Amino acid sequence: MARKQAPAVEYVRHTGGPAWGVGVLVAQNREQRTYLFADGVKRSFKEAFCERFIVPAEPPSDEDRTRLARGLTAGGTATPKAVNLELEAEIRQRPDDPAPYLVYADWLQNRGDPRGDLITIQHRLAADPTDRQLRRAEGSLLDAHSGYLLPKAFDALIRSPRRAGEDPYMRCETTWFLGFLQRVRIARKPSQKDIELPALVSELLRHPSAVFLRSLVLGPLGLPEETSYIELLDAIAHNLPPLMEELVLGDFAPGTALDFTLTGDLSPVLSNMPQLQRLTVRAGRVRFDRVPKHERLRELRVAVSEMSEANERKLFGMQLPALERLEIEYPGLDGAIVPLKKLLDGKRLPRLAHLALRGTVSTRQVLDTIAMSPAMPKLETLALERGDLRDGDADYIVKLRGDRLAHLGFLSLAENPLSTAAALQLSRLTGKVDARPAAPARGPVTERAVVERAPDAKSMIAARKLAHPDKWMVVARDHQRLWGEYDGSDNYYVWARLDTDDTGCNCGSPKDPCKHVLALLLIAAHGHALVERAIPAAFVRRSYERPRYTPAWE
C-alpha cells in the first residue's frame, strides 16, 4: 500500500483560445484528442487541428493546477469553477468552524459555483433542520448539479431504487457538512457486482466534494466471497483525504456471518493514515505484519470470527499512546494473559479509559489480570461480554467491585452463562452493572423444528425424499454451519446456519428455505454423522447466484 509517484502532467494551450487557460489531455484516439481546460470545459479536436493549434504551455497557477487535477479525477465532469487554496487551508485548520466555509461560500457564489449556494443552504439548515422549504431547496440543488457535486458512478449507487424488504445495510449514504462531504458509506448489492469499487473509491476520494472528508464506512460489497477490502484499502491509501479521521471496515447488519470477509494486512492502514482517530474492523480474519503503532488513534474496534496466535500477539503488543477506547472480539479470546499484562502496563496505552473484551475464555482470569494491572485505575468502563463467567465467580466479582473495580462508572458482564440469581446479585452492586445472562442457546436440530421452518407441507414431503446421505456427494459441518452438495438433476450447493435462520441454495426454488435446505437439516436431525470440514467459499457464492422461478417450478 505504498504511495505511488504521480506521473508528470503535460500542460498545453490553444493558440486560438487564450481565454480558456491551460489544458491537459483527457482522452485520445486515432482521429482526435480531448482536452480539459482551466475554464472547466472539455473540448475535442481533430489530430491535424491539434498539430497546428495545440502547443506546450507553462505550468499554471497553483489554483488552476488544483482545479485541473480535481477535474481530471472526476472525469472532467466536476472541474471546480474556482478554487481558493488559502481558504481551503483555513478550513483544514478549523474543519468544525462554519466561519471559513461561509467566507468560501461568498467567494464561490461570486464566481458562479453552485457549491457556494449549497454551503449557504446547509448552514441555514443546521440552524433550523425542520425548515421544509430549505430542505426542498437543498434537494433541488443536489439534483440539479448531481454530476458536478458527486462522481457519476457513486451518484448512481445512491439513487438506485429502494425495494421493499431491502437490507438497509446494502445502501450507500452521504452526510454533507457546509457544501462538502463529511461522511460517506459505500455498499454494493449482489445485483451491482459489475461496479468496480476500487475505481469508484479512488474517484470519490479525489473528488472536489471530498476534500474535507472525515469518515469513510465500507459495508457489504456484494457476494460473500467478494467481501474483500484489500483492493479498497490500497485505493484509500493512494487517495487519502487529509482530514479523514474515521475508517470502518465491515459495517454489516447485526448477526451477519463474518467468515468470508477479508481485510489483508492492517498495519499499512495505520502507517498510511496519520490523521486517523477511529478504526473499526469487522471481518472473518485480519492480519498484522507488524505490531500496530499510531500516534493519534483514539478508538480501535476489532471483531473477527477467528484470530491466529501470531496476529493475537501483535495485536496485544499494540503501541497506541493516544488510544482511549479499545474493543476486541473473537471466539476463544483469552487475552493471552501474558500479552494482556504487557498491554495494560500503563505505558503502551497510557490514556485508555474504555476497555471491552468479548468472547473471552478463562474470563475470571482475564478480569483478575485487568483488575490488578497498572491501567486499571484510569479505566472508566469495562466490558467482559459473551465470556464464560459462572455463578461461582459472582462472589469474587462482588469483592473486586468493592476493591479494585469500585471507581468504574460502568461494568458490563452481559451474556455470560450466569443464572438469573447470580445476575441479580451482580446488578445490585453500587454503580451501573449490566449482568444480563446469555440468551438460551439453540438446542440440537430436531425434526419438529425443521417441520416448523418448512414453508408448506409439500416442501417437507419433497425434503424427506432427499434426506438420505447416500444421495449427497458430501454432507459436512463447519462450526455453526451445515453444508452439503446434493447430486440431483443438477449439483446443488446447500448450507444452513445452526445459530441463525440463514440458509442458502443455488436451486431455482422461490421458497425459503427450499426442499434441499430442509433435507440437509433433516439429515442432521436424524443423527447422521457429519464430517467436520470447512465450507468452500464456492458454496456460498453459488447459493447467492440462485435463479428465482415461480412456485410452479416445484
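Rings of Phe, Tyr and Trp (its six-membered ring) pair if their centres lie within 6.5 Å; planes under 30 degrees apart are stacked, over 60 edge-to-face, and the rest tilted. With that rule, this structure holds 11 aromatic pairs.

A word on the model. It is predicted, so local features need pLDDT of at least 70 and side-chain atom pairs count only at pLDDT 80 or more, while totals for chains, interfaces and linings use all residues. Residues are numbered from 1 along each chain as its sequence is written, and side-chain values use heavy atoms, with hydrogens and water left out.

Take one of the pairs. Tyrosine 101 and phenylalanine 212 have ring centres 6.1 Å apart and planes at 80°, so they are edge-to-face. They link distant parts of the chain, 111 residues apart. Tyrosine 101 is in helix 4 (residues 98-109). Phenylalanine 212 is in the loop between helix 9 (197-205) and strand 8 (215-221). Helices (H or I, at least four residues) and strands (E, at least two) are DSSP runs, numbered from the N terminus.

Buried or exposed? Tyrosine 101 is buried at 2% relative accessible area. Phenylalanine 212 is buried too, at 3%. The cut-offs: buried is under 20% relative accessible area, exposed is over 50%, partly exposed is in between (1.4 Å probe, protein chains only).

Now stay on helix 4. Tyrosine 104 and tryptophan 107 form a tilted pair, 6.1 Å centre to centre, with 50° between the planes. They sit 3 residues apart, about one turn of the helix. Tyrosine 104 is buried at 2%. Tryptophan 107 is partly exposed at 21%.

Ring pairs join these residues into a cluster: Tyr101, Tyr104, Trp107, Phe177, Phe180 and Phe212.

Next, charges over rings. The charged end of arginine 111 sits over the ring of tryptophan 107, 3.9 Å from its centre. The test is NZ of Lys or CZ of Arg within 6 Å of the ring centre and within 35 degrees of the ring normal. Arginine 364 does this over tyrosine 396, at 4.2 Å from the ring centre.

Last, the backbone. A cis peptide bond joins aspartate 512 and proline 513, with omega about 5°. Proline 513 is in the loop between strand 22 (503-505) and helix 19 (515-525).

Serine 362 is in the loop between strand 15 (354-360) and helix 14 (363-371). Arginine 386 is in the loop between strand 16 (381-385) and helix 15 (394-401). Serine 362 is partly exposed at 34%. Arginine 386 is also partly exposed, at 34%.
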